[in-house]
Amino acid sequence: MDAGREGDVPSGTNDPKGEYVMVVGVAMTSELKGFYQLPLEERLKIVKEFAALSEKEVEILRGRGLELDQAQRMIENVIGTFELPFGVAVNFLINGRDYLIPMVIEEPSVVAAASNAAKSARPSGGFFTSSTDPVMIGQIQVVNVINPFVARLQLLEKKKEIIDVANAQDPVLVKFGGGCRDMEVRVLENGMVITHLLVDCRDAMGANAVNTMVEAVAPLIEEITGGRVYLRILSNLAKYRLARARVKYLREVIGEETVDGIVEAYEFARADPFRAATHNKGIMNGVSAVVLATGNDTRAVEAGAHAYASISGRYTSLTHWEKDETGNLVGSIEMPMAVGLVGGATKSHPVAQVAVKILQVKTAQELGEVIAAVGLAQNCAALRALATVGIQKGHMKLHAKNIAQMAGATGDLIEKVASQMVKEGKVRSDRAEEILKELKGK
Ligand code: NAD
């Protein structure tokens, strides 16, 4: 068993019995060679040490996550809970710090692909990130305005008054350094006057905070414009709350052909919305898995991502892949990232709390930047596979296990049926049933 870790800061050793031994107090690397080959309990032990998890937190990860009474407090008409696999992607080096990335997802290969892409990025220093302040937009729709353009200016004249009313709604947010910072007013082609409150949400995703503010200022906005307010709601096109990440893949690490292949694949996505949709879906495989693991709102981030991908008027790639002057591959991503560490399910879901502890992020901005790096890595992994061997090869092993299970295989037979199908290159339910019959007949 290979439980050793590679990297410049050794944090553990293998004892003669092959057990992983922690060196207490030593900074740890996320570069965990052979992590995927370890039994689950060994993996859990390493993550426990990496993130200093308590026994209780480990128990939560073992599947005693969300209790029914907690679930009942989260949504309506609860009759149960729904489990999904919780994995960690390894090898991530972001701004010089090692991260283990919690990912909750039902799709095979995503965690492995992210880990691989993160590993190939390490020789050039990993990922580098930045972000804007965590500013969300709240919209107030006014109709029946006689002079919309004059009303726009009248609203802007009263900006301070409107912002003060908004901020009076959330003294806690203001205390933490957030609050309504600015306001903009747009006149739509149909004459509607749309006010945007720009709210710094600090460590909250902010939907509730923003919605409370836009509802509170609506009467004042009606009074100023003489129109009628209808909708008062957050916009998920969070174009002022952006997370960014960049990475360099050295030509000698991934090969010249792969560099060219990835650039060509990117150019396809850039030019064609049909391809861009799938290209961005691949990015969201990584993004949504971390968003979900940390108890954040996957739909909010997804809506923001896809709307931002069309902000130029034509839907396109969220990432860019270019070749630098020495033939290395350089990639970048910039996307809205409405995620929080307080509010919503982030605090109420016990597994989400453990995920945040594994990440060891201190602010929502840091979380957003890490997620952007994961999205970029995920995109690289998908393009690399597509531009070289195709994605099915990597997918097949786990997919074959699913097919074997669907065909009725249990216990050891799952692995046997799956391996046989992969060997034959026939991963299909009819073949799984045949192999199962043959094996059972033996
Ligand atoms: P929330 O209202 O539960 O928590 C945010 C509040 O926490 C802030 O208003 C502030 O008062 C307080 N707070 C304490 N410490 C803070 C800190 N360090 N930084 C910032 N605030 C701090 O949650 P929320 O984040 O306002 O709303 C998120 C929820 O809203 C999610 O569950 C989301 O699914 C849901 N939602 C989303 C949409 C949408 O995306 N369109 C719409 C409605 C609701």
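**Aromatic pairs and ring contacts**

Modeller: A search of the whole structure finds 2 aromatic pairs. This is a predicted model, in which local features need pLDDT of at least 70 and side-chain atom pairs count only at pLDDT 80 or more, while totals for chains, interfaces and linings use all residues. Residues are numbered from 1 along each chain as its sequence is written, and side-chain values use heavy atoms, with hydrogens and water left out.

Biologist: Why is the pair of F92 and F127 called stacked?

Modeller: Rings of Phe, Tyr and Trp (its six-membered ring) pair if their centres lie within 6.5 Å, and planes under 30 degrees apart count as stacked, over 60 as edge-to-face and the rest as tilted. The centres of F92 and F127 are 5.5 Å apart and their planes stand at 20°, so this pair is stacked.

Biologist: What makes the pair of Y249 and W321 tilted?

Modeller: Their ring centres are 6.2 Å apart and the planes make 35°, so the pair counts as tilted.

Biologist: Are Y249 and W321 buried or exposed?

Modeller: Both Y249 and W321 are buried, where buried means under 20% relative accessible area, exposed over 50% and partly exposed in between, with a 1.4 Å probe and protein chains only. F92 and F127 are buried as well.

Biologist: What places the charge of R97 over the ring of Y99?

Modeller: A charge sits over a ring if NZ of Lys or CZ of Arg is within 6 Å of the ring centre and within 35 degrees of the ring normal. The charged end of R97 sits over Y99 at 4.1 Å from the ring centre, and R228 lies over the face of Y230, 4.4 Å from the ring centre.
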